[in-house]
Amino acid sequence: MADRWPGWHLTGTLLAPVTPDPSVPGAVKRIPETLASLAVPRPGSGALRLTDHDVRMALNPSSAPAVDTPFSWSARTARRALGLAAVRALVSGEVRSPTDGVRVALARATRVNEGQRPTSTMDRWLAGLTPAARAAVTAEAVTWATRLSGALDWTAFETPPTIGRDHWWDSPHSSLLALRSRAEVRAISTDAHGQAVSVHLVLLGGRRRPSARAELSVVALVEALRTRDPLGPGRVVGWWPDSGHLVSVGVDRCTLEAGVAAVARTLGAEGPAPATPVPHQGGIRAAA
């Protein structure tokens with residue numbers, strides 16, 4: 001489903017009862033070997049740790065930069081990690097506004113009140129910024145946090161949602177392959193039989209792309225493959241705050257097949273270099 005978001009609709013779409021597909025368990029058993037067969041070693045390449053960025057670039061080659069550039073911290077690349085920390089503080093009642101949440105996140109990142117040296121690459125980068133540069137980072141993070149915090153009716157969640165935890169699935173059949181599932185909010189809904197299932201909200205930048213469903217299907221695929229998780233996935237919702245659109249993808253056999261196809265295309269587009277490295281931020285793998 002694609003629709004323009006009228007305010008309350010995003011929460012209702014995310015938490016609506018899920019229609020289960022009985023063919024999913026059988027598909028999940030077969031998919032790991034299929035994915036492993038796609039992870040063919042390439043000269044000069046290491047492990048293939050595929051992220052949403054890798055998938056997006058493979059499905060939208062015209063959006064890829066002409067020359068690969070190494071990752072670097074900026075106001076744009078830091079906004080998600082700081083924004084998520086701000087929203088967690090806001091939803092828990094620790095702070096009263098996204099602005100206060102970002103200030104707390106920045107203080108913790110740079111350890112200004114504890115006299116400790118920053119440990120992560122983002123924290124060290126933040127600690128070395130000038131006041132003007134830090135103000136620019138704050139502005140980006142506050143905007144990001146305001147969009148997420150205002151997007152949902154947080155009182156509608158019977159169980160507190162998980163905010164900003166990315167998941168990895170490591171192939172049991174190939175040491176080369178790992179896939180990431182990125183979601184800003186993970187919550188609990190029910191299926192038609194009253195069984196609890198997980199639902200996932202993904203914030204996406206810019207305008208809605210033709211590949212949106214395929215990109216979201218990879219999130220659904222990773223969640224379905226993580227069979228050690230207590231809850232099976234029921235739905236993935238992508239939301240574009242810039243345009244106010246959303247796309248909801250149910251976790252069924254067709255979605256899983258679309259996810260496998262998207263991974264296959266991504267792996268096929270990989271050159272000799274390994275997939276884009278993902279910086280670690282104290283348990284949060286940053287993504288713009």
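Helix α8 (residues 212-225) and helix α9 (residues 253-269) have axes that come within 7 Å and cross at roughly 105°. They are therefore roughly perpendicular to each other, a label for angles of 65 to 115 degrees. This is a predicted model, in which local features need pLDDT of at least 70, side-chain atom pairs count only at pLDDT 80 or more, and totals for chains, interfaces and linings use all residues. Residues are numbered from 1 along each chain as its sequence is written, and side-chain values use heavy atoms, with hydrogens and water left out.

- On the α8 side, the residues in contact (heavy atoms within 4.5 Å) include Ala214, Val218 and Leu221, and the α9 side includes Leu256, Val260 and Val263.
- The residues of this contact divide into ten nonpolar, three polar and no charged; Ala, Val, Leu, Ile, Met, Phe, Trp, Tyr, Cys and Pro count as nonpolar, Asp, Glu, Lys and Arg as charged, and the others, Gly among them, as polar.

**Strands around β6**
- Strand β6 (residues 185-190) pairs with strand β3 (residues 162-163) in the antiparallel sense over two bridges; pairing takes at least two bridges found by DSSP.
- Ile163 has Val185 in β6 as its bridge partner.
- β6 also runs antiparallel to strand β7 (residues 196-203), joined by six bridges.
- Five residues lie between β6 and β7 in their hairpin, and Gly194 in the turn has a positive phi of about 85°.

**The whole protein**
- Nine helices and eleven strands make up the secondary structure; helices are DSSP runs (H or I) of at least four residues, strands (E) of at least two.
- Of the 288 residues, 50% are buried, meaning under 20% relative accessible area with a 1.4 Å probe, protein chains only.

Note on methods: Axes fitted to C-alpha atoms, helices over the stretch in contact; angles between N-to-C directions. Parallel < 35°, antiparallel > 145°, perpendicular 65-115°, else oblique.
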